Amino acid sequence: MAKKISFYASKPLPAIGQGTWYMGENPTQHADEVHALRAGIDLGLTLIDTAEMYADGGAEEVVAEAISGRRDDVFLVSKVYPWNAGGQRAIAACEGSLKRLKTDYLDLYLLHWRGDIPLEETVSAMQQLIEQGKIRRWGVSNLDAADMQALWNIAGGRECAANQVLYHLASRGIEHDLLPWCQQQQMPVMAYCPLAQAGRLRSGLMNHPALNELASHKGVTIAQLLLVWVIHHDGVMAIPKAGSVAHVKENAAALDVVLNQEEIAVMEKAFPAPGRKTPLDMV
């Protein structure tokens with residue numbers, strides 16, 4: 001049975017969603033991107049993650065077309081720039097995202113990364129957006145363990161519904177303290193770039209002999225192995241970006257792949273965790 005992730009009162013969502021980073025940048029790819037997102041929805045990948053940063057709002061416009069007539073079928077996530085994450089700027093930024101997405105509300109609104117605006121102001125703005133019905137819940141992105149502790153000590157901070165961070169087999173730093181803490185709080189972790197899409201480590205992952213052998217043995221792709229490895233962790237979901245229907249189908253099929261402990265051990269031996277506290281990876 002495909003793994004599900006719950007966002008509080010929401011219906012459970014498949015542990016693989018759809019990312020949209022780099023979408024909306026090239027007009028010649030617009031139709032393919034829309035088709036890919038629609039295919040993902042058809043295949044059950046109903047969480048769609050975007051941001052005002054992506055293509056200066058262009059990715060949100062791609063998403064708007066993809067979900068047209070199907071808003072109730074998707075769990076929609078967008079993110080606010082740190083410099084917009086307080087007061088009326090936050091309200092205006094959210095309204096801008098809603099306008100581009102052609103929807104009345106977001107299921108989840110994330111602080112994209114921590115900036116100079118105090119977390120207290122961000123929490124206050126998020127609460128206001130909930131009261132106005134513009135968002136259902138809020139969360140954060142790219143916040144490390146110390147940041148989360150700071151958030152936890154703020155009035156209303158424990159309403160944070162998710163933390164979205166970079167996480168893949170070759171970037172396992174969150175396993176030292178951040179991931180265990182989120183699991184303890186039963187806070188979903190959304191792994192972006194689960195295939196190291198934007199990182200220097202991608203070629204090493206996709207061409208590693210041990211991963212090639214394991215993928216061949218199981219009759220799957222290395223990309224599928226990497227997705228299954230990410231989501232086998234308790235409370236973790238992956239949001240890979242796929243700009244083609246073929247890639248979306250490959251991602252969705254990973255939900256039916258199972259790794260046993262020996263296979264997980266093979267992968268983790270090839271790419272061991274650092275074993276100490278390391279700075280939070282971001283791209």
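Predicted model: local features only at pLDDT ≥ 70, side-chain atom pairs only at ≥ 80, totals over all residues.
1. The contact is formed on the α1 side by H30, E33, V34, L37, R38 and I41, and on the α2 side by V62, V63, E65 and A66. Sorted by class, the residues in this contact of α1 with α2 comprise 6 nonpolar, 1 polar and 3 charged.

2. As for the geometry of the pair, the axes of α1, which spans residues 30-42, and α2, which spans residues 58-66, come within 9 Å and cross at roughly 55°.

3. H112 lies in the loop between β6 (108-111) and α4, and H112 is buried, since its relative accessible area is 6% and the cut-off for buried is under 20%. When neighbours within four places in sequence are left aside, H112 is in contact with A51, M53, Y54, K79, V80, P82, S141 and N142.

4. Q127 belongs to helix α4, residues 119-131, and is partly exposed, with a relative accessible area of 32%. Apart from neighbours within four places in sequence, Q127 is in contact with A155 and G156. The C-alpha atoms of Q127 and R137 are separated by 8.5 Å, with these two residues 10 residues apart along the chain.

Definitions and conventions: Residues numbered from 1 in each chain as written. Heavy atoms only, no water. Axes fitted to C-alpha atoms, helices over the stretch in contact; angles between N-to-C directions. Helix = DSSP H or I, 4+ residues; strand = E, 2+ residues; numbered from the N terminus. Contact = heavy atoms within 4.5 Å. Nonpolar A, V, L, I, M, F, W, Y, C, P; charged D, E, K, R; others polar. Buried < 20%, exposed > 50% of the residue type's maximum accessible area, 1.4 Å probe, protein only.
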